[in-house]
Amino acid sequence: MKSQNIRDGLPLSASTDFEHSRELQERKQQLRAISKALALFPVRGTIKGQELNIYFVSSEGVSYMTVCHCSLPVAKAFCFLEDLRWEFTACFNSTVIALTNRPYPFLEFDKTIQKLKQQYNQSGGPTLEVTLAEVQEDLRINPPQTIQLKEVDLANGIGNGHVEQGLDSGHNVRLEPVSAPGILSLVLNIMCASLNIIRGIHIIEYTFQDGYEGISNVVAFLLAFVCCVLQCHLYLFHSSLKKHKSFALLSVVVLCNLYLLGLRNVWQLIFHISVASLSTFLIFTRKIKDRANDCGV
């Protein structure tokens with residue numbers, strides 16, 4: 001059994017087991033896959049196996065997961081998780097959980113897990129039958145969602161950055177640290193953006209005097225400025241379809257600079273296009289940081 005932070009998949013605590021069957025190892029792999037994308041799964045769910053099933057419950061930003069034999073009734077499995085949830089929330093408040101930044105900060109909770117496991121294994125369920133009856137009734141009204149293995153594989157791909165996430169979930173994704181070339185590209189992009197906006201504002205003054213004849217040049221400078229800013233944003237923050245967006249921004253920068261050939265010399269064009277190309281390359285190569293791979297179950 002393990003508890004997991006839903007926000008970033010950080011493991012909080014786990015129990016010690018002494019079984020090493022092949023199916024148990026497979027279930028552990030699936031637990032890792034689930035933990036990388038807990039926000040994509042329902043509040044309560046099951047994953048069925050040949051002899052071992054996975055059950056999990058999420059509440060207040062923490063997910064509680066366990067592997068049980070298929071002969072164990074579903075209600076007792078979720079009753080175990082509910083008991084565990086109450087014990088965990090009684091020991092650790094939400095503030096302490098939110099401040100955790102390393103894997104397994106509450107390993108001392110394993111004693112409580114082992115105590116509950118022993119109670120369920122010896123008595124076959126919770127001490128209070130009313131608790132089991134309440135869970136059975138709750139499951140009848142709101143049955144847990146059965147998750148297929150292919151959904152676990154999909155979540156695993158999203159957690160590893162192999163599948164693009166939606167724009168709303170991108171705020172919870174952490175990228176690899178900014179590299180030295182990345183810092184250089186940000187500085188150069190800011191420089192290019194500044195040059196574009198300064199030239200654009202300067203031309204606006206003459207455009208008003210010449211009857212808006214140079215308005216297209218102003219638009220080209222402003223578009224190039226916006227593209228530079230957006231390239232910085234794509235490099236610093238995760239976004240869905242970032243490769244397509246970065247390539248589109250590069251294309252706009254190239255077209256704008258080619259249009260401004262009369263107002264810029266060849267070396268200036270090469271500089272601006274080279275900076276945009278470098279930024280695009282770094283956006284392509286900066287990967288999602290997978291925190292869950294730093295520790296086992």
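Glu137 is partly exposed, with 36% relative accessible area (buried means under 20%, exposed over 50%, partly exposed in between, with a 1.4 Å probe and protein chains only). The model is predicted, so local features need pLDDT of at least 70 and side-chain atom pairs count only at pLDDT 80 or more, while totals for chains, interfaces and linings use all residues. Residues are numbered from 1 along each chain as its sequence is written, and side-chain values use heavy atoms, leaving out hydrogens and water.

Glu137 pairs with Arg140 in a salt bridge, with 2.6 Å between the closest N and O atoms; the term requires a side-chain nitrogen of Lys or Arg within 4 Å of a carboxyl oxygen of Asp or Glu. Because they are three residues apart in helix H5, about one helical turn separates Glu137 and Arg140. Arg140 is exposed at 59%. Helices (H or I, at least four residues) and strands (E, at least two) are DSSP runs numbered from the N terminus.

The structure has three salt bridges. Another joins Arg44 and Asp138 at 3.0 Å, N to O. This pair links distant parts of the chain, Arg44 in strand E3 and Asp138 in helix H5 (residues 129-141), 94 residues apart. Arg44 is buried at 17%, whereas Asp138 is partly exposed at 31%.

In helix H2 (residues 74-91), Glu82 and Arg85 are three residues apart, and their salt bridge has its closest N and O atoms 3.0 Å apart. Glu82 is buried at 18%, and Arg85 is buried at 15%.

Zero disulfides are found in the whole structure, a disulfide being a pair of cysteine sulfur atoms within 2.5 Å. The sulfur of Cys192 lies 5.2 Å from that of Cys228, its closest cysteine sulfur, and is therefore too far for a bond.
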